[in-house]
Structures are given as C-alpha cells and as structure tokens.
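Here's a quick look at one chain and the partners it touches. Have the viewer open while you read.

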Amino acid sequence: MIGPLAGVLFDGFAYGMLLFLLSVGLSVTLGMMNFINLAHCSFAMLGGYVAVTLMNRFGWPFFATLPAAFLAAAAASVILERTLFRRLYRASELDQCLLTIGIVFMSVAAAAYAYGTVQQPVQLPDYLRGAVSLRGVNLAAYRLFLVGAAAAITLVLVAALEWTPFGAQVRAAVDNPRMARGLGINVDRAFAITFALGSGLAGLGGALAIAIVGLDPAFAFTYLVYVLIVVSVGGLGTVGGSFAAAALLGISDVAGKYYVPELGSFLIYLVMLGLLMWRPAGLFGRR
Amino acid sequence: MVTTPVLATRGLNKRFGSLVAASEIDFELPSGVRYALVGPNGAGKTTLINLVTGMLRPDAGQILLGNEDITSLKPHERVKHGLARTFQINTLFPHLSALEAVTLAVCERRGHSRTWWRSLPDYREAIDEAYGILASLRLGDDCYRLTRELAYGQQRLLEISLALATKPKVLLLDEPAAGVPRDESAALFGAISRLSQQITVLFIEHDMDIVFRFASRVIVMVGGRVLVEGTPEEIATDPRVREVYLGKQRRG
Amino acid sequence: MATVGPDPVAAPQRHLEAQTRWRPIETAFWVAAATPLLLLPSYLQLASQVAVAALFALSLDLILGYAGIVSLGHAAFFGVGAYGAGIISKYGWGEPLSGLLIAASLAGATGYAASFVIARFRHLALIMITLGMGLLLHEAANSASWLTGGADGLQGVRIWPLFGAFKFDLYGYTAYTYSLVVLFLLFLVARRLVHSPFGLSLRGIRENPLRMPAVGAPSRAHIRKIYTISAVAAGAAGALLAQTTSTVSLEVLSFQRSADVLVILILGGAGRLYGGVLGAIVYLVARDQFSGINPQYWYFWIGMLLVLVVTFLPNGILGGFAQLTASWRRGSW
C-alpha cells in the first residue's frame, strides 16, 4: 500500500519540480514589475525546440543542449523585452494580456509551421533511462535527475537572492519598486536581467520537460495554465512560494490522475479556485 | 447640555508590522468647525483619514459619527451616513467629463444608480444639482471637458466637488491645495471657507499661513500620536511643536 | 409665450442627452444588417455566425468595456447557454423561443452565482479566477459525457420550426432573421443600460475603482448586477448558436472561444457599444476569406494583429476612428 503512494508522491514531486523551473521566472518578474507575461511558456517551448533540434539534427549530447536551451530562451526574451514589452510596463493589465497572448499565438503557429504538430522525440543518455529501486519504490532515473537539478537551481537562486548585491536589489524591487528607485537602484535594469534569467530558466524547463510530458506546439498554451496556477497560488515575487505551489500542484495532479482519473484536471482547477478565494495574493504573496 | 461631536475617535490604533501608524488617537470634531490637522511627513495624518473613512481597518478603537458607531461599516456605507473625503493625489475619473463625474456621485446618493432602464438625461434634478455644485466651485464653464483635460487646479476643485456631491455632514480634506501654486490655493481655500456651516471640515495642510487663516483649531500629529491640540496661536507658540518642526535645526 | 434663444439652465441636461440620442448612422447600420437576406443569400450562414459572435462580444463589452472586468473565461456562460438550449431540445422540448429564454436564464443564474466571487477580486487574481472558472466548466462538461456527450458533442439536438412555420434549414433565412432580431433586441437593452445612471456608475468603476466607495457607491453590488446581465446575454448567444446550427460541442466552453471573443471586442473597440458588432463582422468575414489556410496559420496572423492593435490602436477600430474624427474636427492632421 505504501509502495504506490510513495511512487505517486515522488512522481508528483518530480513533476512539481519541472513546474517550478517553468514558473519561478514568471513569479519573480510579476512581483517586480507587475507585467503579466502570458508568453512565458513560449520561451519554455523555444528552449524545448532548440534542445530537440540540437540533439536530433546536430547530434549534440543531451546535457549540452540544456545550457543552449537556457541561452536561447534568455536571448529571445531580451529581444522581445527591448522591442515590445518595455512599452507596456505602465499599460493596463488587459493590454499586457492581449499583447502577450498575441505572441503566444504567433509562437504556436510558428512552431507548428517549422516542426509540425507531432510530439518531438528525444534521446536520453543511457544512464538517465531506467529506474533506481529504493526500499521497494521504483524511482525513475530521469525524475531523480530532475529533482536533483531543480534542487540545485533552487539553492543557487535562494543564495543569489540572499547573499549577492544583485539579489538584494531584486528583493528590494519586489518589495517596493518606488522606494527601490528612490534608493538609487536601477529597477529597470534589474528587471531586464531578472526577466532574461527567468525566461532562460523557463527555456531550460522546456528542454527538460520533453522526456516527461512531451513537446508539441500546444506546449505554450497547455503549460501556461499550469504556470499561471503555480504563480497565482504561490504568490508573486517569491521563490519559496513558487516552490511550494509547484510541488503542491504536481503532487495533486499526479495523485488525482492516478486515484480519480475520471475527474481529470477538474481537481486542480477546483483547488486553485479555492486557494485563490481564501488567499487572493497567493499562499506566500504579499499584495 | 453636552452636544455630541459630529465626529469622534476613541483609542484608535493601527500598526504595520513594527511601524506604528496610529497610537491611541482620541479627538472630537464639534459641529460646524474648521479644524486643521498638521504634522511632519509620515506623522500618520493620511492614515488617520483612511482609518476614519474605512479604507483601513484599525487594530483597536472606535469611530463615532454623531451618536453612531461606524467602526464596522464599509467605506461606502460611511459616505451614506454623511462622511466624505478628498484624496491628496487626484483620484478622479479620467475619461468622464466633470459633469458626468459629479452627476455620478449625485445619482449614487439619490439612489438612481440602481436604475438601468431609464436614460440618464431623464434625471433633470440630479444633473442640475451636479451642475450647481460645479458652478459654485467655478467649474461650471468647463464642466463638459474630460477630467483628464482639466488644469491641475481645476482637478483639485473637482476632487472637492465629488465629495460635496455626497451631501456630507463631515468633510475630510487631505491636502486640498497640494501641488497648487500659492495664488490659486488661496482661492481654493476661499471656496472651502464658503462652504455651508452645516458641513464640518477637517483639513490636512502644511502651509501654516493657510492654517492660520482658515482653521479655528489645530491638531498636531507626530509619529502616529496626537502631540497637542489648540488654537492656531497656541500651537504657534507651543515649544513642543517648535521642537518637532525646528528641532533638527537646533542640533546643527 | 415664445422662448427667445436657448434655455441656459437646461444646457447640462441637453449636453448629456445629446450623447444618448439615436444617430442616423446607427439606423443605417441596422437597416444594412438586414440586407443579406435580400442581397447575399449564399452568405446567410456566415451572417448568422456574425450575429451570434456580435451578441457574445456585446455581452463581454458590458463587463469589460464598461465595468473594466477582464475575463478570460466568458465562454463559460456562452457554453451554458448553448448546452442548455441543446439539452432541452434533446429531451423533447424543441421550441426555440422558450428554449432561448430558459437557456439564457440558466446562464444568468450561473453568472449570478459566479458574480459573488468575481466582485471580490481585482488584477491578476481576478484574471486567474475567470480563467479557472472557464477551465473548470470545460472539464466538468468533458467529464459529464452522459449529459453533454463529452468530446463527441451533443447528439440529438432537434429544434422545432419557429412559430411552427419557419424551419431552421440550410438556407439560413430563419437562422439569420432569428439571430439578428435577438441581437437587435438585446442590443437595445444594452444601449439603454449603458446610458442609464447604472451605466454611468459602471464607467466610474472602470475609470477609478478606488474612488467609487468614496462617493458612496456599492461597487460590488453593481458588479454583481452587470455580471449577471452579461451572463444572460452571453447565454442567449450560445443558445442561438445551438439552435441555428443544431450542434453543440465542447468547443463552446473552450479557452479558444474566450480568447476569440476578447480579440473580437478589442479589435472593434471596447466600451463603445458597437465595437463588438464591428469586430465580429471584420473578424469572421476575414476568417471566412482565409478559410482555405490551415487554421493554425490563421492564428499566427491573429497573434500579429493583437500585437499591432495593442501597440498602435489601443482603442480598436472604433477608437481609431474616433481619434481621427476628433483630430479632423480640431483641424489638426
């Protein structure tokens, strides 16, 4: 009885870690600039397609594609931020939603045009396939890798936020942008860098997602919903909040689909609605 | 015979974490007076107005409007009981004309805002009342212009018009002349002083000349507390007030 | 007693009245809307779709353009209306008018219930809640396949002839006349509402939600009211679709539908009453013209359109017109 539960918990947690990587960038940038970037998962999708192309067309090893995915997504986000997004920092929420939804539409169509609508195949290195057995519970090697990678990244993020001067700037800007500006912090530049980092992480998440949930042009939309749930439930501008919400969501989703498959995603949406009504600023949010 | 003050607070307290925004605030406004609320920046003056109007919930204390305890009433309910305020930063309706904005407030007061099947122009009395308020504040000629197109000084007057449209018994003005040049602010306060004696006014102000000219009594707040209360002359000569405003100079 | 010159005291009222007057171009528009029946019979099915989309967009305009509520899940009420009308007919009652009334009321009841939640939130939480509600309803309809037919769509929708005489056939005359009349009637209601004191208060909520309680306005009660009315109109649009096409699929509850109506409204211009209608005409006619292209590529152009509209034409087509005529009147090009 413990066996399947532990397995479900582990799988759910691993899935949650993937969601965390996909979401943390959006949470922090939303907290900093209140800019609703619904195209966040387009960057994730870009990272995924870059990784796939490098692996399948150019024969790159799996691990080498990961930083490439990160960089490609970060670069794309810098371009979009410079040209389009920064005009809308003071625009209405509706305008921000519409512009970024437009980008999502374009990215989905472009992906379908370039790669077709089929799922992309991915070749994992041998040591990441198969499973490790721990006390009778089967832990898939890839998921272990995912959890490890996410944990490492989380530690780096938290350390950077707490102990580096740049991290202090980011925290100040999330807390109170006006006061941060008054203290001489270049909030716009801090935001641009954070935006690039967050989008890069999303791209990395996209590349890592292929082996677990697959990659097709609808990715930008499908995972947008989950990312938005994580961000609004976890609270804006908080790494810890995103971590908790992502883990919660991942476990609920996997457990729900395992134990009550007829409900599908219904449970997730219900949980989200309930949590938002109880705490509109998110579990760890401040506004 | 003891007349009930038209507005009173008892033991009002509010903290934000470790920041004490309001501590044991007790004050009373008798009917018909013009009081000034002064104090350095960060003293908690706007916070007090937010607490009294219901935009902030106090940690402890009571707010009384006449004989009624309004501490648990929602902000819009307090307005219906006769308590109105203006904002330090213009909080207006940018794409509505001045006439539409004041008519909106008048219709809300008269209960017309529940009707969705009759046309707005049918409510001649409400529109005339709105126009009357605007005209009394010298905004009659520009009333058809969009709020965002009005001059800043006119927008400050529109702020007051909106508050007057609710037919308040108590009017709380948060720095009504903020950002308005000297000569215009005198005119603005002239308009305020011409308000009916049936309205009791408390205004936040930094300019002591204006306070002297228009207030019968002054409440001084510092660090979330009421420091002292008295006539403008008493306050001007009070050593504690001088220290608060001039204390830094002495150390120099 | 002859009046000499205009009465200055009545000027403010007359000014406000001038804004509510029925303009000749509006009459021309509605008369023109009837012409497809005579001149373009082969396009009547498309015209029906336009009428349905226009009504749906009008319902969204009431909450978005006039009260400032951003909803990413408005298709929920459209879908309730569609499934309501479809299911009623499937179980034996195919009379269109009463079916329309029942379905729209059902959607209104759903909207009323949802409004208690909606009215309490703003900004991102509100957007997420509207999105979540839409997704929830879609999932629920998917799971409840015993009622809705699930992914296969609703089977057995049979609508009786209108007034016992006018069949809903493939020619489309009945469908378009029916849709157009319903659209026009609800449009009149919306027009009345928007020019009422309630409509003015809604615009106040949109312009500055903070100021409203400070003038004594019960914002939440207002929002609940308009949200319910909007849900009724959206449900009516959904019922129209179900009745004129005799099909209902899960698509009526999809995010795609919520996003489409948002695009349509923004394209035409929100808060201008005719924006939804204009946007529906432009969007659906363009989509019909480009129907040869793979639908995915259609969304590429829609995406680009959104980006361009937000960047250059933030008030939609009607807003652009208004700005042009205003600057023309001022003499500045």
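## Chain C on its own

This is a predicted model. In chain C, buried residues account for 54% of the 333 residues. The secondary structure is helical, with 16 helices and zero strands in chain C.

How does the overall size compare with that of a compact globule? For 333 residues you'd expect a radius of gyration near 20 Å, and chain C comes in at 21 Å, so the two agree. The C-alpha trace of chain C spans about 70 × 50 × 50 Å along its principal axes. As for how the chain contacts itself, take the pairs at least 6 apart in sequence: 78% of those contacts in chain C join residues at least 24 apart.

## The side facing chain A

Here 32 residues of chain C are in contact with 33 residues of chain A. On chain C, α7 (123-143), α13 (255-268) and α15 (295-312) each bring at least two residues to that side. The largest share comes from α7(C), with 15 residues.

## The side facing chain B

Turn to the other partner, and 27 residues of chain C are in contact with 39 residues of chain B. The helices of chain C that each supply at least two residues here are α1 (11-20), α9 (173-194), α10 (197-207) and α11 (211-214). Among these, α10(C) gives the largest share, eight residues.

Technical notes:
Residues are numbered from 1 along each chain as its sequence is written. Chains are lettered from A and ligands numbered from 1 in the order in which they are written. This is a predicted model: local features need pLDDT of at least 70, side-chain atom pairs count only at pLDDT 80 or more; totals for chains, interfaces and linings use all residues. Two residues are in contact if their C-beta atoms, placed from the backbone, lie within 7 Å. Helices (H or I, at least four residues) and strands (E, at least two) are DSSP runs, numbered from the N terminus. The radius of gyration is taken over C-alpha atoms; the globule rule is 2.2 Å times the number of residues to the power 0.38. A residue is buried if 20 or more other C-beta atoms lie within 10 Å of its own, exposed if 12 or fewer, and partly exposed in between; C-beta atoms are placed from the backbone.
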